[in-house]
Structure formats: structure tokens, C-alpha cells
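User: Could you go through this structure with me? I am new to this and would like to take it one topic at a time.
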Amino acid sequence: MKHLAALIAATALVIVAPTPAAAGRSCSGYVGLTFDDGPTPGNTQALLDALRTARLRATMFNVGRNVEADPPLAKAQVAAGMWIGNHSWDHPFMTQLPEADQAAQISRTQAVIQQATGVTPTLFRPPYLDTNDALRAVEKRFGLTEINTDVDAKDWDNASVDEIVAAVGRLRDGDVILLHDWPPNTVAAIPQIATTLRERGLCSGKISPVTGRAVAPDARALSGVHTVGRVDDRDSGVRYTWPGVYFEGRFRGTSVGIVLDDAVNDYEVQIDGRAAATLVTPGRTTHWIRDLKPGVHTVRLAKRTESPWTPGQFGGFTGDLLGKPAARSRQIEFIGDSWTAGYGNVSAGRDCSATGIDRNSNADRTFGALAARALGADYQLNAWSGMGMVRNYDGSNPDVDYRTYYDRVLQAADEANWTRPASWRPQIVVIGLGINDFSTPVHAGERWPDEAALAADFRAAYLDFLQKLRQRYGHRAQFVLTYPSMWNTTALADSVQAVVTERNAAGDRRVSALYYDNAALGLDLLGCDWHPSARDHELLSGVLTAYLKTL
């Protein structure tokens, strides 16, 4: 009952008490106040009371076993307007643990915090600030961003109230300070911390999972940003894996910043429709485009590469941002494999072993992206190289196929499904699956005895997939089933035509097929590993655009 009463009181106070966010216009910058090692009976509630009275918000890096021991106290942190981070299960030196134990420390804490508070942390602070690249790789698997510190108040080392306040005085905009849940002097210092920040024009903010820096409490990555891509929206940062995800914004002035945390993918940046930069595995950064002519400009960021297992993170545009660009009335969804994803399409030749596939791929220059822009449409490229409808390239990974991952927001990085917004209802869905199913012969030991059996399974799966899409997008959506010339078989062409015929015969007249005749089009297939080149994608785009105009 004691905990329940405290929770009710905390909830009531957070509703009526003004927060720094309410006075955001007077803030010249934001700092991240962080408190480690809680929640602890007899300490945490006093700290929350002091923070609430001082109108400060903070990030509480909680220890999992402490949350398990006192869930109502963790709930009280959230009710008081605090943010919750992961600080391991029982505070070990993480780098001294094997990888499996590191993962267990993190996953157990994630689970108990979510169960107690309903919050899934996005931030992780390693105990003792003990970290290395291997640990950070484990953190990434759980969607966590590691937060170290810019200023250590040393309250863990018996720092006095004056010393703690002096440490706060060293903070600059965006900085994060390390404090703890349990020292009495820390609680006693809270009123003076609030005064010091106020005198310097600083407010307490939340920590962005994209940049690791303190930002305004109400900061949202997609504020003023247009995107229709499949993204995992985490307020101050969004994660994504599918190729071709793009973000668009408007700004005034001579510069704009692009906030990213991505050490895997490459990006195209356009200003006013013209190429401005290519960002190669930018890491955690704010990349600035400067020295533009004064005035109003548009900015567009597009993901070039594939990363089914590793999400990229976008934290928004920064600068003198204007209102969100208007969504386009036309919408097209592209579903496919390496052709749709742009595998090796900007390479200088078919052998990309020296430079790699990523450096030679650009989803923003695929036939889908080009056709959508020619038609003035918003689009998604939901593609994965090597995946098939029922069989992946050369029979690889037989337990999964494209359909295993289609509904997911982050492909193989997370099993959670994408929550489709009501605003995403494409009028056209272009499907290009089947090359991987049939481009290599069926091997002994696969579940199909021959190509005929494979083709029958392919047709049945395709029909089921189309039915699923029809239920999702309604009877008016047009489905275009594309297929190219195959050097070794007609099974793909025959199967696609059979699927179209069966759907049409069943009364679904908005399903059609589009054949890409490689020879007639003059495709050179000079992309990596005999994939379509940039020139080929332009030719394919021309055929596709002309066909879509007839629908």
C-alpha cells in the first residue's frame, strides 16, 4: 500500500507540475541528467521528489535485479516523467563476461523493465563505463544505444554538494552527466543543480538514441519530416532496414544537418532535387550541408544499401526547419529481390569482389524508384536480395523465404511486425519474385523432387500471397506481377502467367503480368554478378512507367 500511495501521488504530480518542456522556448540548450543504479527503496523516491520539485527530468539507468525487487518504484520513475535506461542485471564488469552472459545481462533487464513499466529501453549504460566494440555489438542486437558520459560528477566517490553542482556547471548543450540514485549529497544538490542550469539557459532533456546527445523532451525525429518507409518510430529516432527508405524535409537558410547513427549503410543526399552528398557508413554523426544560397530548400535522404540484420537510425533534420512536405497522392509498393533492391547496379563491371556489393548499390537509382518519381508517387522498396517466393537462391536457407519477413518492420533484425499506418494504401503493388526460385536447378535433398513440383508450390504460394495483399489493400489496388527472361527455364514465365489467369478467372481483374524481355530491351546486365546496371534500371523504369500509366 505504501508503494501504491507513492505511485498515485507521483502520477498526480506529473500531471499538474510544469516541466522544462513547457518552457522550451526559453532554453538555449539541453543537457542529460542521468542517475545510475536504481531503483532503491529509501533513495529513489526522495530523488524523484527533489527532481519533481525542481522541475527537472532525467534518465534513470536501472539495474535489472533492483527493478525485479521493487517494480512499483520503477513505475514511479515513469509516472514522475523520467526516462528509463538499461544498466545491466547485476552491475558486473561487462567486458569480462563471455558474449552469452553479456546478452543475458541486457535481455533480462530489458524484459523486467518492460514488464514493470511498459517501457522498452533504447539506451544502455555499461556499469563502471566499462565497454568495448564487442559489447557495443551485443547492445545493438537489442536495439540499444550505449550512453557514456561527458561529465562525471563523482558522487559515487563521496563528492560534496558543492562539487556536484560545480560538475553540473561544466555542462554544455547536448552533454550528459553521470550521477547516481543512492548518494544523499546528490539528492541534496538537486535544487542548486536546477538553479545552475537555469542561470546558464540550459534545460534538462532526454537523450537521443540516435546521437547519444541530450535533446528537447518533445523532440521527434519525424517532426517536419515526410516518409512512407517502414520505420520503427522511437520518437527522437527511427530505425529501419529495408532498402530505399527515404526522408524528406524543408528548411530555410544556407545549411541543414542530417542526424544519423549508422555504421553499415550508405546514403544519398539531395538538396532541391540535386545530388549533394553520398554518405558512406557515416556512423553516429550530424552531417551538415553548408554554403547554400539563402532561401527555402528541400532536403532528401535516401538509404542506398541493404541491411536486413542491422538497422540504421535517423534522428531527423536540424536547422531552420519548415513544415512537413506534403505526401504524394499516388503510392506504389515494390516487392522483390535483388533486381528491385538495386544489387550492384552502379558498379563498373560484373566483378565486385574488390569493392563489395554495398559500395556498388544504389536503391535510389532502381527501376522502382525511378518509375515512382516519374509518376510523382511515394513508394516503398520492400526487397531482399537472394530471397524467393518459396525457394531462395541456390536453395539456401530452406527454412525461410521472402514471405517469412515481408510483414516485419526490421526484416531479420527484429520479429516485430510493421504497424501499417492508415495513410499507406498503395494504388499499385509491383511484385518481382521468382528469379531466385528458378535460376538454379533443384538439388538433391531439397523438398521438391523436380522443377515441376517447385513450380506447383511457387504458384500456390503466389496465389496465397496475392490474397493476403488483396485483403490488406482492398479491391481497387492494381497488382503487377513482373518477370524477366530466364536463360535456363520458362518455369517462372509459365507460373506467373498461370497465377494471373487463375486470379482473373476468379473475378480479380486487377492482377496483370509485365514481361521484361532482356534481349529486346537491350539489357547489358553489367551490374555486380550479372545484375542489371544503372543503364538497365533506366530501361526497365521506362517500360514499367509506360505500363503503369495504362492502369
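User: At roughly what angle do the axes of helix α5 and helix α6 cross?
Analyst: This is a predicted model, and in it the axes of α5 (residues 99–117) and α6 (residues 133–141) cross at roughly 45 degrees and come within 10 Å. Angles from 65 to 115 degrees would count as roughly perpendicular and those under 35 as roughly parallel, and α5 and α6 are therefore oblique to each other.
User: And which residues make the contact?
Analyst: On the α5 side they are E99, Q102, A103 and I106, while α6 brings in A134, L135, V138, E139 and R141. Sorted by kind, the residues of this contact comprise five nonpolar, one polar and three charged.
User: OK, new topic: how many aromatic pairs are there?
Analyst: The structure holds 15 aromatic pairs. One of them is formed by F247 and F314, whose ring centres are 4.2 Å apart and whose planes are at 20 degrees, so this pair is stacked.
User: Where do F247 and F314 lie?
Analyst: F247 belongs to strand β13 (residues 246–262) and F314 to strand β18 (residues 312–321), so the pair ties together parts that are 67 residues apart in sequence.
User: Is F314 buried or exposed?
Analyst: F314 counts as buried, because its relative accessibility is 0%, and F247 counts as buried too, at 1%.
User: Which residues are linked into a cluster by ring pairs?
Analyst: The cluster consists of Y240, F247, F314 and F317, which ring pairs link together.

How values were computed
Residues are numbered from 1 along each chain as its sequence is written. This is a predicted model: local features need pLDDT of at least 70, side-chain atom pairs count only at pLDDT 80 or more; totals for chains, interfaces and linings use all residues. Side-chain values use heavy atoms; hydrogens and water are left out. Axes are lines fitted to C-alpha atoms, for helices over the stretch in contact, and angles run from 0 to 180 degrees between N-to-C directions. Helices (H or I, at least four residues) and strands (E, at least two) are DSSP runs, numbered from the N terminus. Angles under 35 degrees count as roughly parallel, over 145 as roughly antiparallel, 65 to 115 as roughly perpendicular and the rest as oblique. Contact means heavy atoms within 4.5 Å. Ala, Val, Leu, Ile, Met, Phe, Trp, Tyr, Cys and Pro count as nonpolar, Asp, Glu, Lys and Arg as charged, and the others, Gly among them, as polar. Rings of Phe, Tyr and Trp (its six-membered ring) pair if their centres lie within 6.5 Å; planes under 30 degrees apart count as stacked, over 60 as edge-to-face and the rest as tilted. Buried means under 20% relative accessible area, exposed over 50%, partly exposed in between (1.4 Å probe, protein chains only).
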